[in-house]
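Visitor: Hi! Could you walk me through this model in plain words?

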Amino acid sequence: MKFEFLDITPADVCFLAYGESLNKLFENSALAMFSVMINTEQVKPEVKRAVEVNGEGLQSLMFNWLNELLFYYGAENLAFSKFGVRIDEKNFYLRADCFGEEIDLDRHELRTEVKACTYHRLEVEKVKGVWKAQVILDI
C-alpha cells in the first residue's frame, strides 16, 4: 500500500503514506497529496521538473517538499504523477525529478484544492522496518 486517507478532521485531509525506503515514502506522500487535488491516473509524465529542498529534520523536509510541489501546482498549473526522489538523510536534503503535465480542465478530473501541508501532527518515522508518514493538508 502506498497511502491511505484518514478521517480525523472535517476541515482538513489527513493521509498516511508508506515506503520501504525513505525515498519511496516521500514519493508516495507526494502522490497522496496530488491524489487529493486531481485524478493522478489521468496525469501523463510529459513534463519534468527538478526539485530541491532541505530541512532541519525529516518532518521539516516533508513539509518543505510537499509545499514546494504545491508551488508548481499553483504557479505553473502543473500536476505530477511520478516522482524520483533521492534523499541525503544525514543533511536532510532532497533532490527529485517530478513528472507530470499542465492541467487541462477538459481532460483532468479536478478534486479538492490543497492550500498547504501543515506541521499539525506531522510524523515521519520508521516502524518495524517500514517508513511511515502522517500528513495533514489544509484544504
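Visitor: Which residue just after H2 takes a positive phi?
Guide: That residue is Asn77, and its phi is about 60°. The labels H and E stand for DSSP runs, with helices (H or I) of at least four residues and strands (E) of at least two, numbered from the N terminus.

Visitor: Before we go on, what kind of model is this?
Guide: This is a predicted model, where local features need pLDDT of at least 70, side-chain atom pairs count only at pLDDT 80 or more, and totals for chains, interfaces and linings use all residues. Residues are numbered from 1 along each chain as its sequence is written, and side-chain values use heavy atoms, leaving out hydrogens and water.

Visitor: OK, back to H2. How many residues does H2 have, and how far does it reach?
Guide: Helix H2 covers residues 58-75, which makes 18 residues, and reaches 26 Å from its first C-alpha to its last. That is close to the 26 Å expected at 1.5 Å a residue; the expected span is 1.5 Å times one less than the number of residues.

Visitor: Which residues in H2 are buried?
Guide: Among them are Leu58, Leu61, Trp65, Leu69 and Tyr72. Buried means under 20% relative accessible area, exposed means over 50%, and partly exposed is in between, using a 1.4 Å probe and protein chains only.

Visitor: What does H2 lie across?
Guide: H2 lies across E3, E4 and E5, running at about 145° to E3. Helix H1, residues 22-37, lies across E4 and E5, at about 160° to E4. The axes are lines fitted to C-alpha atoms, for helices over the stretch in contact (heavy atoms within 4.5 Å); angles run from 0 to 180 degrees between N-to-C directions.

Visitor: And what is the order of the strands in the sheet?
Guide: The order is E3-E5-E4, in an open sheet of three strands with antiparallel pairing. Strands E3 (47-54) and E4 (78-88) are the edges, each pairing on one side only. From one strand to the next, the twist averages 20°.

Visitor: How many bridges join E3 to E5?
Guide: Eight bridges do, and E5 spans residues 93-102. Two strands pair if DSSP finds at least two bridges between them. As an example, Glu52 has Arg95 in E5 as its bridge partner.

Visitor: What about Ala50, which residues does it touch?
Guide: Ala50, found in strand E3, touches Tyr72, Arg95, Ala96 and Asp97, leaving aside residues up to four places away in sequence. Ala50 is partly exposed, with a relative accessible area of 41%.

Visitor: New topic: how many aromatic pairs are there?
Guide: The structure holds nine aromatic pairs. One of them is Tyr72 with Phe80, edge-to-face at 6.2 Å centre to centre and 70° between the planes. Phe80 also pairs edge-to-face with Phe83, at 6.3 Å and 65°. Rings of Phe, Tyr and Trp (its six-membered ring) pair if their centres lie within 6.5 Å; planes under 30 degrees apart count as stacked, over 60 as edge-to-face and the rest as tilted.

Visitor: Which residues do ring pairs link into a cluster?
Guide: The cluster holds Phe34, Trp65, Phe71, Tyr72, Tyr73, Phe80 and Phe83. Phe80 and Phe83 are both buried.
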